[in-house]
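Good morning, and thank you for joining this group meeting. Please take a moment to look at the model on the screen before we go through a few of its features.

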Amino acid sequence: MLQYVQSIWLWASAGIIVPVVIHLWNVKQGKTLKVGSIAFFTESAKSHAKSFKLSELWLLVLRCLLIIVLAMLIAKPFYEKQLNSSKEKGWLLIDKNHVQEVYARYKTPIDTLIKSGYTFHYFNPSFEEPKFEDVMKTAKDSAVSEQVSYWTLLKVLDQKMPSKLPVHLFTDNLAKHFTGSRPEVSLQLKWNVYSPKDTISSWIEKAYKTTNDSIRLVVGHGTSTGTYFTYQNVSKTSNNKFRVQQIGKKLLVSFNDTSKIFVAKPVEVDTSTLAITIFTDQFATDATYVQAAVNAVKDFTKYKINVSVVDEVEKIAPSFTWLFWLSEKVIPASFRRNNVFIYEKGKIENTRTNIITGDNENVSTAGDITLFRSIKIDSKTSNGLVPVWKNGFGETILGVERKEASIYHFYSRINPQWNDLPWSHKFPQIIYRLLFDSSANSNQPIEVDRRVMDVSQIQPVIVPEEGLVSKQELVTRKDLSKLFWILALALFLIERMLSFKTKREEAYG
């Protein structure tokens, strides 16, 4: 059955009205007959004639067909065929981007399944059904897969296939391919999972100018057990491992090695200076803790950072990158720009819980930063805040509102009487993560994520078919876009040839 992904575009076929009108509007000009004298011609009444009729019928048909085919092409046609599950032996599914790697690992069982009558399908949203022999001749593995979770695909497959039909699935166990919740399916599934080679993929996460004018790189490394970062210093001149290029006003750095384990994408070197201003009045002690943490970040990263502590509003430099407003005074509207960290004012509550400053990175875990006092959060003013730090009850301690600027609202104080942040050895690391917001601005390419999942975590929950919603009919889809492109091109060429021939005949009449 012929169907369309975007059938609304079929309305474009109404464009056939244009060639029909052109062909109907055919007013023939009269011919001039030369005679010797008009003396014997009598005057007669003037009459006008117009001829509205189809001319060059084949040209009209070709042009109408061309418009209809183009409309169908834009609507993305595909052929959907209902399969007879009683005649189906089973399905063999492999990710389109990893056919060569899978076949190298499972050659014997795959050959056995193909010989026994299993139909081969790509494990992708359309479950294409190419000929396996043709696939093995032309298949080329790719490091970048379609960003569709294997679990999501399995749910779609479950709605298409009867539970009695065997399914053999071959995939890797990289964690990036499994997002969302583990599915419940009623498939007769045998999922063959393998771990890719444990290679280390590297990329440049960040590059910046240091205090001594050299270039420092934050290099990310992805392995099967997780991701870690190292620091490397390079000079402006090229070296064996890295290449530094000056393109216009931009300074770019990239790996010299272009193999699969290195991402060669250039990264722009940050040559700016981070200007941090700490304003305080009665919280002078808090300011010393923040200043010490920022200086520790500066010493470790060698990032160009200028930090200053002021106690008067007039002394705040207008060109700040970060402003820590450690005061209960209302901050002037003119300072609510760039990045601002604000002490919130309100009812003080005594508590005994923890501050959780991050769950993706091991910056803080429950129990190591105790929270003694906090400001009660006003639900009206906290609407729209994205949590950055939370307490042990899941309530926001530090939230950010991002509009023209990033305004951070802190519902406590950086003081030992309020919490253990100043005494924590992770406090500089926490400030670093806040200043550079590494989780929100990561340059990590998806293809270098090498983390793997255990087989027991991957397998879906198998339930009886009665426990799920009724399934659709077993169907297979085939994209017809290429066929319609060829048809449109053929119609266009025929139309041009016929049009040229007609004009030539009229010219030599």
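Where is Lys302 found? Lys302 sits in the loop between α7 (284–301) and β15 (305–310); helices (H or I, at least four residues) and strands (E, at least two) are DSSP runs, numbered from the N terminus. Although Lys302 is not a glycine, its phi is positive, about 60 degrees. Lys302 is partly exposed, with a relative accessible area of 40%; buried means under 20%, exposed over 50%, and partly exposed in between, for a 1.4 Å probe and protein chains only.

A word on the source: this is a predicted model, in which local features need pLDDT of at least 70, side-chain atom pairs count only at pLDDT 80 or more, and totals for chains, interfaces and linings use all residues. Residues are numbered from 1 along each chain as its sequence is written, and side-chain values use heavy atoms, with hydrogens and water left out.

Let us turn to the sheet. Nine strands form an open sheet with mixed pairing, in the order β15-β14-β16-β17-β22-β21-β20-β18-β19; two strands pair if DSSP finds at least two bridges between them. β15 and β19 (370–375) stand at the edges with a single partner strand each, so one side of each has no neighbour in the sheet.

Within this sheet, how do β17 and β22 pair, in the parallel or the antiparallel sense? Strand β17 (residues 339–343) and strand β22 (residues 406–410) pair in the parallel sense, over five bridges. Asn339 has Ser406 in β22 as its bridge partner.
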